[in-house]
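Let's take a friendly walk through this structure, one topic at a time. Have the sequence and the 3D view ready.

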Amino acid sequence: MGAKRARVRRSAWVWIGCASVVLAALPFLFRLDGNAHGDWLQFLGRFHPTLLHLPIGLIVLVPVLEVAGARRPALREAADFVLRASLALALPTFALGYMLAYGAGDTGTTVSRHMWGAVVLCIGLMLCIVMRPLRVSREQTTAYPALLSASLLALIWTGHQGGSITHGSDYLTHYAPGPLHMLSGSKEAGDSFYAQHIHPVLDAKCVSCHGSGSAKADLRLDSYDDMMRGGKDGAVVVAGKPEASLLVARVTLQPGDPHFMPAEGRTPLTSEEISWIRAWIRAGATKSATSVPGVKFAREEAEPPPQPVGDYSSLMPEIQQMQHALGAKLVPMSAKASDGLILRTVDVSSSFGDAQLAQFQKFAPYIVEAELARTAITDASCDTLKTFKNLRALHLEGTAISGSNLGKLSSLSQLRYVNLSGTKVTAQSVEPLKKMSQLRHLYLFNTAAEPEGTAARSTP
Amino acid sequence: MKQHPLCTDCEREVDVNGLPIPVGLKREWSAVETRRQFLGRSGKVLGWAALASLFGDAALRGRAIGADTKSPVTSPGRGNLGLPHFAPKAKRAIYLFMSGGPPQVDLLDYKPNLASQYNKDMPDSVRGNQQLTGMTAGQSRFPIAPSHWAFKQYGQTGTWVSDLLPYTAKMVDDLTIIKSTNTDAINHEPAIMFMNTGNMNPGKPCLGSWLAYGLGSMNDNLPTFIVLQTKTNPKENNQPVSSRLWSSGFLSSEYAGVGLRSGGDPVLYLADPDGIDREVRRRMLDAVEEINRQTQAEVGDPETNARIAQYEMAFRMQASVPELTDLSKEPQSTWDLYGPDAKQPGSFTYNCLLARRMAERGVRFTQIYKRGWDVHGDVVGTLPTLCAETDRASYALVTDLKRRGLLDDTLVVWAGEFGRTVYSQGGLSPENYGRDHHPRCFTTWMVGGGVKPGITYGETDDYSYNVVKDPVHARNFNATILACLGIDHNRLTYDFQGLDQRLTGPQPATVINGLLA
């Protein structure tokens, strides 16, 4: 009996030895050199992601069965079968994965890590299968648990590498809270044109295939230096010559062209993004330049989201009553009550004065826009308006406002737009408004305060 | 067999032995209910009763939600639509409609490679199997006609603009230029219908009517949706523009565009005739309204409410329209900006100035039609005229809105119903060429509330024939306009003929987020 077991073990060792050599030699026999090899390899290889979850599930099941087997021995007996089944599935999965990488010409550190991880995992599983009977017969009790634990670690690591190939290396950390996020660190720092506009485009559209994870055609675009180094077809960026730069050529082909990038139906670059790359290359493709001639970014002042106001629905009867009495309306900004109300006076503008405005004070927190153009209100209304604490836009064009009280509006922290066109304001009286940093649009057309030239818009 | 006079309907001439029958007697006969009519009607009553029990309450009430007599007459049938769906960037819109199809290759879609291909044949691979119009389908060859005009780069965006548009060139940093607009129709009427109503067949409400229906009025004294037609220039090839384009379709006719005339009185018969003062007019309207309300109570047709609202609107317009069209108080800076054409009622420039005044006064949607862009021949002769008529005016309108602080919440759209071919229609000579209709790509622009300034969106191939990047179908173009005004195009619907009708039609449409600010 003992001799027989020894013989079985010896032949098993031979098998494992051979299999390990084949697995380990594969990468040297069929080098992942960045060239694609045959469509049929890719066709089969693409079943790799479909198949791979099956062995993973089985491998994870093994320790579960082993532990649960302490209570129910029948489960422990099943562990051997599950272990063998997992190897039976892991090997074809490995083969398909290799076909995928070899067929599609994938290279890069993540790809090779993923591959070597899988080699280690397969060898580990084989060793587990051999060592398990020794534990069952209590000849050698520590090796099997150690090997199984090592295999599980290899599984986790390999799986993570694989996930990084598919989803990008920052997939897990992208939405991680601040401190964790530091770990991913693929961002380019700095305010150069490259860091602000070129790198993010490449990062979003190109790096999943041309990055640290996978570097097809031996080209990496995840850092400036790698990009300038180029790929197996040579340099992709020719400074000063966008027409001669492969980077531009490939993204501007007809979408049906086999060389069109990004390949395989991934999101193409927008014309705007291409224009940035072109302009950047034309300007010398430097890493440090902060601006590029011909590219102007339309005011990128991302307007802060509007402050939600409270729910005014309970006041609707009162609002309707007021509208009926005064003719001026409180119109919902949108179907969402928290977007607030617009005070609209156009139907009764000539009779709408300071007294009428004062009556709207009870709805003050809900009013986000006051359309008071060509009404009869005067400077005295600034006292009412300063209570409209959520006011974002204020139309005063064509009113009798002289501006003497505009300083009272300084406390309106949400105010973004004030239109004083055609009023009697002076450069001096609008000075307090110009000091308000959040006020982006101040219109002074046809006033004494209008800046010289045609620019009526002044952005403080 | 000769019918008994009492059995005929009152539409038919009643004749008894050739004798002249007094009109009064005919009326009396037709008012009498015959046994046959009574039985026929009873049958219908039973049918209706059965139908009503099948449909429940809804069949009896019809669709006129909120059509009770107490609701404000300004919005019969509008009910509470819950609009805008989200906080809008633009409150109002001005649509400069370039009827006829402006040639994009000569205006904004710069194709530098064409110059070397003069008179060469269009590659079949580019043209594909596209159907052509009857006007050029018979041509033996399709020679490429490069633009007669030079292009230069303008603004900080470095946008290429034809020498024909010196004023548009000055505002490219504000514009959202769409080179990849495309449509389904290749002939004027279906194409212009499609752009305006989302359907090639007449009968659907247009964009302006949907806005009026969905968003309602901002100024009770002026129509929500006004249409301005530009006087035609007889030297241009003017395609007809009809009121079908500003029809409200199946929506209440109250939401149809109100056309202001391009000459003389802007609205006919608006002024009271001699001897009728405003008080008399008011009393007359009150009486008519009372009768209309009785009719409404009896018949329940929502169109009666629309009629009441329109009478009231006309009454208020008696005061508001003269004020709107009185340009005497415009400052000199207006005339400096718009130029001398602005003093010619009916010119495109004059209409642009009116559109700005309407924007100030809270008109929700103004659409200006400029005809004549149908340049099948003599492009070199007519295009400079067309551009001179519109280029400065468009620039002046945008600049005027901008300096007055109105561009922040006004969306301005410049578009035609399709583009024109790069190949010449008819003979091509070094001096002149013609261009046929081309629906596969055309250039449009937007500016103002909601859209991203200073970008060019979409790209066409080297022949400006096919869209190669970021196509903007007319449906999506309209969906994007609605989005700027706070409307989800999928949710602004109206139940008609068993379908939740919408501007973008039953086919899926998407908002082009790349255009939005």
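## Two helices side by side

A crossing is called left-handed if the near helix is turned anticlockwise from the far one by less than a right angle, and right-handed if clockwise. In this predicted model, local features need pLDDT of at least 70 and side-chain atom pairs count only at pLDDT 80 or more, while totals for chains, interfaces and linings use all residues. Residues are numbered from 1 along each chain as its sequence is written, with chains lettered from A and ligands numbered from 1 in the order in which they are written.

In chain A, the axes of helix α6 (residues 109-136) and helix α7 (residues 143-167) come within 8 Å and cross at roughly 160°. That makes α6(A) roughly antiparallel to α7(A) (the term covers angles over 145 degrees). The crossing of α6(A) and α7(A) is left-handed. Their contact has 18 nonpolar, 9 polar and 3 charged residues.

## Where the chains meet

How many residues of chain A are in contact with chain B? There are 27, and they touch 35 residues of chain B; contact here requires C-beta atoms, placed from the backbone, to lie within 7 Å. On chain A's side, α12 (271-282), β5 (417-419) and β6 (441-443) each supply at least two residues. By class, that side has 10 nonpolar, 10 polar and 7 charged residues.

## A glycine in a loop

Look in chain B, between α6 (188-197) and α7 (207-215): the loop there holds B:Gly203. Is B:Gly203 buried or exposed? B:Gly203 is exposed, because 12 other C-beta atoms lie within 10 Å (exposed means 12 or fewer, buried 20 or more, and partly exposed in between).

Terms used
Contact = placed C-beta atoms within 7 Å. Helix = DSSP H or I, 4+ residues; strand = E, 2+ residues; numbered from the N terminus. Nonpolar A, V, L, I, M, F, W, Y, C, P; charged D, E, K, R; others polar. Axes fitted to C-alpha atoms, helices over the stretch in contact; angles between N-to-C directions. Parallel < 35°, antiparallel > 145°, perpendicular 65-115°, else oblique.
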